[in-house]
Amino acid sequence: MLLENRVALVTGGSRGIGRAICLALAAQGASVVVNYRSREPEAQAVVDQMVAGGGRHVAVSGDVGQPGVASELVESCVRRFGSVDILVNNAGITRDGLVLRLSDERWREVMDTNLYGVFSCTRAASRFMVKRRWGRIVTIGSVAGQAGNPGQSSYCAAKAGVAGFTRAVARELAPRAITANVVAPGFITTEMTGDLDPETRRALLDRVPLGRAGTPEEVAAAVVFLCGEGAAYITGQVLVVDGGMLA
Ligand code: NAP
């Protein structure tokens, strides 16, 4: 197994892409801390499924957009499993609206979770990783950070932001053998995309050369690859998983 004896913290692991990432990391032998914001039963179901497959795993609540939460998550990871080797910054939200009408509050909600959450979790985890001289940080970005979607200015800004943040962090942490990369999905079937109207869905699918939406498992496979020894020489990159949308 690729990740035996590794400990992974996955933010927003209770549903969708985060859930698939937790299951894929556990299948490769990692112990997984499943962070979630509010949906405890879903997070516990992910833990139960992983435990049934073997290994030790746990769910920990916490809003990554709040100061102090990232340190608590990393501390609970180290307390329970003795380490944090892999951080997957997956938690993310959308608060759509045209820029002309977008409130400060909705802008800040997106920045808090999608940008501050990534910064604070990376800071907390890397403080531990530098001592171990090994680490993998993977942040879930989006093609929206490169292409721009009308009605999603805050989301696009945050996702472009995590790519720049990751390039800087990759250079800072490289001397300690810690890699930092972004996986940027396109149109993936999850709750986040579940309530799109049929017309928008059709328009999005028309832009995908492979002709279908991606699955959370297809994003998780890219994350697992970047966490393994085989990706030790890859850092500061954005790996796009979009069925060719940006090609
Ligand atoms: P989702 O189905 O809406 O799930 C979101 C997850 O994030 C849930 O586990 C949720 O926890 C958690 N979460 C939200 N805010 C949080 C916070 N402040 N603190 C901690 N956890 C929080 O979303 P998804 O579609 O799987 O998206 C996952 C990531 O992929 C996001 O970063 C998203 O931007 C990105 N992405 C998605 C797509 C797509 O097409 N779906 C495309 C590109 C990028 P609770 O269950 O407790 O609410």
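**The ligand site**

Tutor: The ligand sits in the largest pocket, where sitting in a pocket requires that more than half of the molecule's atoms lie within 2 Å of the pocket's grid points. The model is a predicted one, in which local features need pLDDT of at least 70 and side-chain atom pairs count only at pLDDT 80 or more, while totals for chains, interfaces and linings use all residues. Residues are numbered from 1 along each chain as its sequence is written, and side-chain values use heavy atoms, with hydrogens and water left out.

A pocket is defined on a 1 Å grid over the protein atoms alone, as an open set of points with protein on both sides within 12 Å along at least five of seven lines; a cavity is a set of points where a 1.4 Å probe fits but cannot get out, and lining residues have an atom within 4 Å of a point. Grid points are joined across faces, edges and corners, and a volume is the space filled by probe spheres set on the points.

The largest pocket has a volume of about 1,300 Å³. Its lining consists of 47 residues, and G92, T94, Y155, T190 and M192 lie nearest its centre. Two or more lining residues come from each of α1 (16-27), β2 (31-36), α6 (153-173), α7 (191-194) and α8 (198-206); helices (H or I, at least four residues) and strands (E, at least two) are DSSP runs numbered from the N terminus. By class, this lining holds 17 nonpolar, 20 polar and 10 charged residues, with Ala, Val, Leu, Ile, Met, Phe, Trp, Tyr, Cys and Pro counted as nonpolar, Asp, Glu, Lys and Arg as charged, and the others, Gly among them, as polar.

Around the ligand itself there are 32 residues, the closest being S14, S38, N90, Y155 and T190; a residue belongs here if one of its heavy atoms lies within 4 Å of the ligand. A polar backbone atom of R37 is 3.0 Å from an oxygen atom of the ligand, and one of V64 is 3.0 Å from a ligand nitrogen atom. For N90, a backbone N or O atom lies 2.7 Å from an oxygen atom of the ligand. On its own the ligand has 910 Å² of accessible area, of which the protein covers 97%, as computed by the Shrake-Rupley method with a 1.4 Å probe.

The elements giving two or more residues to this shell are α1, β2, α6 and α7, and α7 provides the largest share, three residues. The shell divides into 11 nonpolar, 15 polar and six charged residues.

Helix α4 (residues 104-132) supplies the largest share of its lining, four residues. The cavity lining comprises four nonpolar, five polar and no charged residues.

The second largest pocket has a volume of about 200 Å³. Of its 14 lining residues, A26, M50, G53, G54 and H57 are the closest to its centre. Both α1 and α2 (40-53) supply at least two residues of that lining.

Terms used
A polar contact is a pair of N or O atoms within 3.5 Å; within protein, one must be able to donate a hydrogen and the other to accept it, and residues adjacent in sequence count only if both atoms are side-chain atoms.
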